[in-house]
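Student: I have a structure to go through and have not seen it before. Could you take me through it step by step?

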Amino acid sequence: MVALPTDTQYALSAVASDDRAVASVFQLKQRPGGENLPVFLPPARWREHLAEMAEPLEERVLALATEAWPGAVTLIVRKRTDWRTNAVDGNTIALRIPDHPIATAVLDLVDAPLTGTSANVHGAPASLSAADVRAQFGPNGSSDGFSESLHILSEGEVMPAGTASTILDCTGRIPRVLRRGPQLRASVGELLMRHWGLSELESVS
């Protein structure tokens, strides 16, 4: 497991197809079973990994992903039934490419989808620095599940912004905003308007 700095918050990341690693994430975070973990895609080969994990996307949804990533936008799409992971219980999966140089470097180095759940004990405040992660998961922190196998990476020169990503559910007829995050880029808003006739405000469900 790695505590990974992203553009939004720190994330607890492990290879999403590794059942033992995913179980460690759930245990360390004290996250209830049945609550799915979002997944990060490697930026260099995200289309290839997406094709292995998700059902084919409409061209307009694929265009939205292309414009929104890397960035603070999580897209919920339909998961392929033959791509198995204990990170996700159900037929949908939440995907994102974080816009942080350390996160993107690690993802491309591993070249595998990684879990992207926030690096905090379930219900506790999000971690925005390596010090925050140590405070929550260190031996004297608030977690009973401290593991010496958790590697905490420094945020370097780019601090997480602190606001969780926008979540867009793209499994229906039109995208629905399940969580509002940072202001969407103008180019992303333009795609929502062009393809679905939605402004950012109108797309909130």
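Predicted model: local features only at pLDDT ≥ 70, side-chain atom pairs only at ≥ 80, totals over all residues.

Student: Understood. In what order do the strands of the open sheet come?

Tutor: The open sheet has 6 strands, in the order β6-β3-β5-β4-β9-β10, and their pairing is mixed.

Student: And which strands stand at the edges?

Tutor: They are β6, residues 114-115, and β10, residues 176-179. Each has a single partner strand, so one side of each is left without a neighbour in the sheet.

Student: How does β5 join β3, parallel or antiparallel?

Tutor: Strands β3 (residues 39-40) and β5 (residues 92-96) run parallel and are joined by 2 bridges. Within this pairing, Val39 has Leu95 as its bridge partner, and Phe40 stands opposite Arg96.

Student: What about β4 and β5, parallel or antiparallel?

Tutor: Those two run antiparallel, with 4 bridges between them. As an example from this pairing, Val77 is bridged to Ile93 in β5.

Student: How many residues of β5 are buried?

Tutor: The count is 4 of the 5 residues, so β5 is largely enclosed by the rest of the structure.

Student: Which residues does Leu75 touch?

Tutor: Leaving out residues up to four places away in sequence, Leu75 touches Leu64, Ala65, Trp69, Ile93, Ala94, Leu95, Leu168 and Cys170.

Student: Where do Trp46 and Trp69 lie?

Tutor: Trp46 belongs to helix α2, whereas Trp69 is in the loop between α3 and β4, so the pair ties together parts that are 23 residues apart in sequence.

Student: Are they buried or exposed?

Tutor: Both Trp46 and Trp69 are buried.

Student: What kind of peptide bond joins Trp69 and Pro70?

Tutor: The bond between Trp69 and Pro70 is cis, with omega at about -10°. Pro70 is placed in the loop between α3 and β4.

Student: Now for the start of the chain. Where does Thr6 lie?

Tutor: Thr6 is in the loop between β1 and β2. With a relative accessible area of 1%, Thr6 is buried.

Student: Which backbone atoms lie by the side chain of Thr6?

Tutor: A polar atom of the Thr6 side chain lies 3.1 Å from the backbone nitrogen of Thr8. The backbone oxygen of Gln9 lies 2.5 Å from a polar atom of the Thr6 side chain.

Student: And which residues does Thr6 touch, not counting those up to four places away in sequence?

Tutor: On that basis, Thr6 touches Ala11, Phe40, Arg96, Pro98, His100 and Pro160.

Student: You mentioned Gln9. Is that residue buried or exposed?

Tutor: Gln9 is buried, with a relative accessible area of 14%. Its place is in the loop between β1 (2-5) and β2. Apart from neighbours within four places in sequence, Gln9 has contacts that include Leu4, Ser118, Ala126, Pro160 and Ala164. Pro160 is also touched by Thr6.

Student: One last topic: what is the phi of Gln30?

Tutor: Phi of Gln30 is near 60°, a positive value in a residue other than glycine. Gln30 lies in the loop between α1 and β3 and is partly exposed, at a relative accessible area of 35%.

Student: And what is the phi of Asp111?

Tutor: Asp111 has a positive phi of about 55°, although it is not a glycine. Asp111 is in the loop between α4 (101-110) and β6, and at 31% relative accessibility it counts as partly exposed.

Key. Residues numbered from 1 in each chain as written. Heavy atoms only, no water. Pairing = 2+ DSSP bridges. Contact = heavy atoms within 4.5 Å. Buried < 20%, exposed > 50% of the residue type's maximum accessible area, 1.4 Å probe, protein only. Polar contact = N/O pair within 3.5 Å; in protein donor to acceptor, adjacent residues only side chain to side chain.
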